[in-house]
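Open the model in your viewer and follow the stops below. Each one says what to select and what is there.

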Amino acid sequence: MEEALPQEPPQKRSRTAAQQQQCAKDGEASLLEAYNKMKQQQLDWRRRESALVLRLTTKEQEIHELQTLVHDLRGKQCGPTTKGSCNTQQTCGYVDPVLNANYTSMREQLKEYEKEIKSQKEQLAAVPVTNERLCKMRMKSLASKSLKVMWPSLSRRLHCAKKLRRSTKSPFPSTMH
């Protein structure tokens with residue numbers, strides 16, 4: 001009682017083998033196509049990467065050049081730093097030459113005025129001040145203020161007379177005291 005297995009016709013078997021071969025060829029073709037696509041993508045990515053690396057290096061070079069330019073400009077503005085001085089405390093000039101010249105001349109004038117004030121303070125400190133002299137100075141100051149307020153024209157005349165007397169001092173000493 002053996003049952004006979006239905007046998008497939010030989011044509012059908014050969015068709016399946018042909019179909020299998022066709023499928024294998026199609027699979028190989030699709031794998032080959034996918035491989036070529038991947039290879040193309042890899043080449044594209046490499047090109048993009050090299051382009052980006054090139055852009056990055058050019059930007060880094062530009063940054064470096066600008067940093068050296070800024071450093072050079074600061075060096076020209078501030079001048080050489082002396083040993084022991086801090087560069088942040090040093091005042092720098094301006095890039096515009098006209099502004100820089102005006103600023104430096106004003107700075108020099110300020111230094112001269114400060115020296116003059118210092119010398120005048122030293123001269124004032126050298127003069128002995130007594131109570132009597134201080135009272136006389138206060139009285140003169142109060143008198144001159146009240147004179148200016150009460151009689152401005154007389155005050156101006158006295159001031160002009162003092163100037164005239166100072167400018168026309170005789171080279172010969174006066175005998176009258």
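Start with helix H3, which supplies the largest share of the positive patch, 3 residues. Helices here are DSSP runs of H or I with at least four residues, strands are E runs of at least two, and both are numbered from the N terminus. This is a predicted model: local features need pLDDT of at least 70, side-chain atom pairs count only at pLDDT 80 or more, and totals for chains, interfaces and linings use all residues. Numbering runs from 1 along each chain as its sequence is written, and side-chain values use heavy atoms, without hydrogens and water.

Patch members have over 30% relative accessible area and no salt bridge; like charges are joined within 9 Å, nonpolar side chains (Val, Leu, Ile, Met, Phe, Trp, Tyr) within 5 Å.

Now pick Lys162, in helix H4. Lys162 is partly exposed because its relative accessibility is 44% (buried is under 20%, exposed over 50%, partly exposed in between; 1.4 Å probe, protein chains only).

**Nonpolar patch.** Move to Leu66, Leu69 and Leu73. Together they form a nonpolar surface patch with about 270 Å² of accessible area (Shrake-Rupley method, 1.4 Å probe; for residues, only the protein chains shown count as cover). Leu73 sits in helix H1 (residues 10-78). At 36% relative accessible area, Leu73 is partly exposed.

**Salt bridge.** How many salt bridges does the whole structure hold? The search finds 1. Select Asp44 and Arg47: their side chains meet at 2.9 Å, N to O. The criterion is a side-chain nitrogen of Lys or Arg within 4 Å of a carboxyl oxygen of Asp or Glu. Asp44 and Arg47 are 3 residues apart in helix H1, so about one helical turn separates them. Asp44 is partly exposed, at 32%.

**Whole chain.** Zoom out. The chain has 4 helices and 0 strands. Of its 177 residues, 2% are buried.
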